[in-house]
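Hi there,

Here is the structure I promised to pass on to you. Have a look at it first, and then read my notes below.

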Amino acid sequence: MATSRQFLGLAVVLGLISAIGPFAIDMYLPALPSIGASLRADPAAVQMSLMAFFIASGVCQLIYGPLSDMIGRKTPLYFGLVLFIIGSIGCALAPTIEALIAFRVVQAVGACAGSVVPRAVVRDLYTGPDAARLMSLLMLVFSISPILAPSVGGAVIAVAGWRGVFWATAIAAVVGLLLSIFVMKETRPAEARNESSWAGALISYSQLLKDRRYLSVVLVGAFGVSSFFVYVANSSFVIIDHYGLSPSAFAIFFAFNAAAFFAAAQFTGMLSKRFGLARLVRMAVTGFAVSMVLLTALFATGLGSLPVMSGLLFVGWGFLGLVMPTTGVLAMEAHGRIAGAASALMGAIHVTIGAATMAAAGLFADGKPLSMVAGITACAVTSFALAQLSLREPAGG
């Protein structure tokens, strides 16, 4: 029982730290229209504040990974969280859209630490189904972001305006910093750090980029998460502007669908033991692709509606909830010695492809449901195709 409590406690701490960056994204989604009005910026400029966050966080993960291998997991986390706090305060005080975008970049550079370090800690301690179970528990805690953040953001906006959102993210980062200092333990022993260096990091990245298995699994996850990026970038405009829901109603809609993702993730440990990690990924991406193709077909033929969108997104995000933790464990399974670098490269690839996909989808975005669901479906089908081609042999299970 003590071991189970420690397992759950670790998941709570890592999950809350991991959620800080996404919290900064999800919480301000209901504010996008009001930010544009306040700063006299068009929707494309406002969305750039979102894209800049993704791009910066993708690039900087490549630094945090090797750094956490060389000097331990905690110190880079401290630095990142402090930087995130500074960026949040800057966003809260930004007088122009350009200043907001600049401080969003600072926020993102800090948020990288909360993305990279927890995944490396999981790999430091566990592999296989145990790692999948811890990753899914971590994601359960992490789920407070897309489930609660838009609702909290809507409430904060109603009371303090969109600038209050960034003061709230600064407070969340302070809590994360205190947890990392007083609760989280160092999991990278000193003797392991002696083997790590920047030169070694370049060699590690080179090895990972030549590892076909690693890359294929990471790409499956990358296009899976890209589908959610497309949703995040467009959902507030579709739901609030097209369908006429209030920011509070949008928050409920967003939370309902996000809940499916994290609820399904809790079954990854049990299902991976039964089917194996690779087979579970293939099954999950199939369900995800089928549900999204059906969604797009309904909207393309004029049979789509808000309830239809909500229902099929709920199903699709549920399947995606099985894909993401499982691909993360599969990718890092054979790379415990360079877990920080493997985690960083995976995160960088995820975010870079996600940002590129979001930009490509933005070229066709018109604030209507069909363009959004078509972009999500394209990502789902790509993830499905990659999984079927690269994960034919059972592994990790």
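**How the chain folds up**

In the protein chain, 87% of the contacts with a separation of 6 or more are between residues 24 or more positions apart. Please keep in mind that this is a predicted model.

What is the secondary structure made of? The protein chain has 17 helices and zero strands.

**Inside and outside**

How many of the 397 residues count as buried? The share is 57%. The protein chain still exposes about 15,200 Å², and 71% of that area comes from carbon and sulfur atoms.

As for charge, there are 22 positive and 14 negative side chains. The centres of these two sets lie 5 Å apart.

**One residue to look up**

R40 sits in the loop between α2 (32-39) and α3 (43-71). Most residues other than glycine have a negative phi. R40 is not a glycine, yet its phi is positive, at about 55 degrees.

Is R40 buried or exposed? Its relative accessible area is 82%, and exposed means over 50%, so R40 counts as exposed.

Enjoy exploring!

Best wishes

Key. Residues numbered from 1 in each chain as written. Predicted model: local features only at pLDDT ≥ 70, side-chain atom pairs only at ≥ 80, totals over all residues. Heavy atoms only, no water. Helix = DSSP H or I, 4+ residues; strand = E, 2+ residues; numbered from the N terminus. Buried < 20%, exposed > 50% of the residue type's maximum accessible area, 1.4 Å probe, protein only. Contact = heavy atoms within 4.5 Å. Areas by Shrake-Rupley, 256 points an atom, 1.4 Å probe, with all protein chains shown as cover. Lys, Arg positive; Asp, Glu negative; His and termini not counted. Charge placed at Lys NZ, Arg CZ, Asp CG, Glu CD.
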